[in-house]
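Good morning, and thank you for coming. Please look at the structure on the screen while I describe some of its side-chain contacts.

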Amino acid sequence: MTERNGGGEEILPRKLPIVPLLGRPIFPGVFTPVMITNPVDVKLIDETMAGEAVIGLVLAEKESDKPSIDDLYRIGTSAKIVKKINLPDGGVNIFISTLQRFKIIRSLRKADPIIAVIEYLEDKEDNTSEVKALTRALISEMKQISENNPLFSEEMRLNMVNIDNPGKIADFSASILNIEKKEQQKILETINVRVRMENVLVFIKKEQDIIRIQKRVQHEINQKVEKNQREYFLKEELKAIKTELGLPSDTKSSEYNRFKEQFAKFKFEGEIKETVDQELEKFNLMESNSAEFVVTRNYLDWISVLPWPDPPAEHIDLHSATNILENDHYGLKDVKSRIIEYLAVRKLRKDNRGSILCLVGPPGVGKTSVGRSVARALGKGFFRFSVGGMRDEGEIKGHRRTYIGAMPGKIIQGLKIVKTKSPVFMIDEIDKMGESHSGDPLSALLEVLDPEQNYSFRDHYLDLPFDVSRVFFIVTANTLDRIPGPLLDRMEVIELPGYIDTEKLEIAKNYLVPKSLEKNGLKKNQVKWPRESLLYIANGYAREAGVRNFEKNLDKVHRKLAKIIVEKQEAEAGEPNEKSSAAEESDYKAKTKTNSQAGDKTGEDKFIIDKKIIEEDLGKPIFPEGVYKKADKAGMSMGLAWTSMGGDTLLIEATSIPGKGGLTLTGKMGTVMKESATIAMTYARKLACEVYGVRTKWFERNHIHLHIPEGATPKDGPSAGITMAIALLSLFRNKVIKQQLAMTGELSLSGQVLPIGGLKEKSVAAQRNKAKHIIIPKQNLRDLDEIPDIVKSGVEFHPVERFEEVVALSFGEEECSAAPPVARRKRKPEADAKPKSK
């Protein structure tokens, strides 16, 4: 029972059961519900209801499933349980009337349940004018908050007005403000009423600031909503007016009508018609401000701009096509012939199916420029794209529309640009395509280039069959090694060999010089290139297979001439220049001749380009005149190699040093070439011992070293077999081979000379190196027909079947023959045989 004092006032108990609070503290003087879910606390409530029904409510400082008295703050609020409602989950909901602050003195039971001895705390009130002013300010500010906050009920406003105690006003205000529980606990622990009110006023000011920001944000949102509503109504009115006038009501409608008219012209059928109709209807039902609207519009736009109708009948003129090809390119007989044949067949069959050519050759021989000439000869649109370094299949077949920024692949993009179904497509650098996690673009090209599949090519973006069988595809590559076999089978391969110096001379005179003069702002009558000067650049600065470096060197000379002309014009006009006029005049005169000297009647001075000017502008020759690779010592031979840059000569060196025998190979040889070197060593040693009388002991006392210069360049392949064997035999015999002789061929262990590839490119390289005799395998005789006459002129080809024939041609003697091991001939060593090592 609760005791009462003599005046009838209720005396609160000094020993209280404590209920921990996890949310926020509860202040004195309020009536509020509290939900209890902890089974221990529920039991405590039941026991308390049977007695005095007074409990202590203390905020937990540390959250815990089973809080003890050590986890609680020291100050809390006593409360009387007015009503209890049992909940279905086993908890209780109690309605309490809070009474007074208290402080925990000591614990009687630390947990399960917590029971403590407490001391009640009285407010320290001060009835000064300052407290009265704070009271009025607090009530005023809280009224302002309650008016702007819909969460304040009418009951809260009445309670706030009816409270006359300053401390209770502060407690009530703190209990309904949205502040952190730690801050509320500090207010609860503040006994001094004036300080408590001051702290509450600070939080009221913060709450008012938040309310002001909230109102401002709400106002801005309302303005935007009103603006959007206003725009919507105006658009609807505008739509109605346009409908009355018979005009398109909006952009979407005009786009829809445009697409519908365009698709009606295409006369789609089957799958294409069904898909397009579905997308068009979906587009018509979409809101124009949705994200899907833009995606569908772009999709329909791509369909509308593609060349779906079949192209008109072609008019093919073989004579005109031949003239275009001859005017645009020098040489390239096989390419021109194949194109003219293709046009003839197309004209006879009246069939506009496409074709696939693969132009293979070193850089700078004109593979890419052929495409434009073919398009001109056919009178078709031309589209070129490079696939070098491409690693994503989507670049060829497009990306699906589900991806952000998706678009069709290069094939569909090209058809959109050329606006015809039968253009010429050039795919450059097909041998340099890569492979990654995004797919294999080389495999993606199979569908594009396969005549049995490309009549219904399906791009990932469009996801509709499109006929690309009428496209004339021309692909280029430097080598066929990296092109998959299935893809190579679908193409007709035409190899373009490198150019020799006479061909470069004609190309420079007819194409490169006029092009470079125009590019650098010079006139034809200002510069004269003698034949000897062009050959000097071809042999001294641009000895590679193509003419790209040749053109760069011409550009460099012409840029320097342009500089001299401009400086002279500025000097004559009196414009200031850093260079002195005397030096300018000297430089100009040194590089020009007057009209009378040059035999020119145009009235202008002309630059006559000679070797001296070339060396001044380009520096000393990279390949000095008359300096070629020569096998002019014993142990040396000249081979021929094929590379992706064209053909090249291969100088092989061999030497011996005293040692315990063995063979060392250097020059960055590959595995196949090392095996060929081992075979060459075995067969050359056999011939040296059995035919030329070199003693076996010499090999036991000498170590052989075989080297291929340019050691930083990787080398591989079997075609240098006979070349290495001749170099070793030359070393063993101490005899120099014939000059201006080059050779290529694989050597077997039985002495047979096996066929090789790339004979055309190797022949070009041999002629560039001034070789007069080339030893080739007999099985490569058929390849001689593919070599241009200009390359074969001045060169004698020697087909061989056995290595003994190679020896006879290399040393200028009768053919030797190795005796069988059983019937080994005994003969005296040659006079020029390798001497015995000391």
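Before I continue, two remarks on the source. This is a predicted model, in which local features need pLDDT of at least 70 and side-chain atom pairs count only at pLDDT 80 or more, while totals for chains, interfaces and linings use all residues. Residues are numbered from 1 along each chain as its sequence is written, and side-chain values use heavy atoms, with hydrogens and water left out.

Let us stay with salt bridges. The whole structure contains 38 of them. In one, D123 and R196 meet at 2.8 Å, N to O. D123 lies in the loop between strand 8 (114–120) and helix 2 (129–148), and R196 belongs to helix 6 (residues 193–245), so this pair ties together parts that are 73 residues apart in sequence. Helices (H or I, at least four residues) and strands (E, at least two) are DSSP runs, numbered from the N terminus. R196 is buried, at 0% relative accessibility, whereas D123, at 26%, is partly exposed. Buried means under 20% relative accessible area, exposed over 50%, and partly exposed in between, with a 1.4 Å probe and protein chains only.

A further salt bridge joins K336 and E326, whose closest N and O atoms are 3.3 Å apart. K336 is in helix 11 (residues 333–349) and E326 in helix 10 (residues 318–328), ten residues apart. K336 counts as buried at 9%, and E326 as partly exposed at 44%.

I turn now to aromatic rings. Rings of Phe, Tyr and Trp (its six-membered ring) pair if their centres lie within 6.5 Å; planes under 30 degrees apart are stacked, over 60 edge-to-face, and the rest tilted. By this rule there are 17 aromatic pairs. Why is the pair of F266 and F268 called tilted? The ring centres are 5.4 Å apart and the planes stand at 50°, so the pair is tilted. Both F266 and F268 are buried. F425 and F473, by contrast, are edge-to-face, with 5.9 Å between centres and 90° between planes. F425 sits in strand 11 (residues 424–428) and F473 in strand 14 (residues 472–477), so parts 48 residues apart in sequence are tied together. Ring pairs also link a cluster that includes F259, F266, F268, W308 and F466.

Finally, consider helix 1 (residues 39–49). Its buried residues are D41, V42, L44, I45 and T48. They cover an arc of only 160° around the axis, which puts them on the same side of helix 1; the arc is that of the directions from the helix axis to the C-beta atoms. An α-helix has 3.6 residues a turn, so residues three or four places apart point the same way. The face of helix 1 turned away from the buried side carries the exposed residues P39 and K43.

Notes. Salt bridge = Lys/Arg side-chain N within 4 Å of Asp/Glu carboxyl O.
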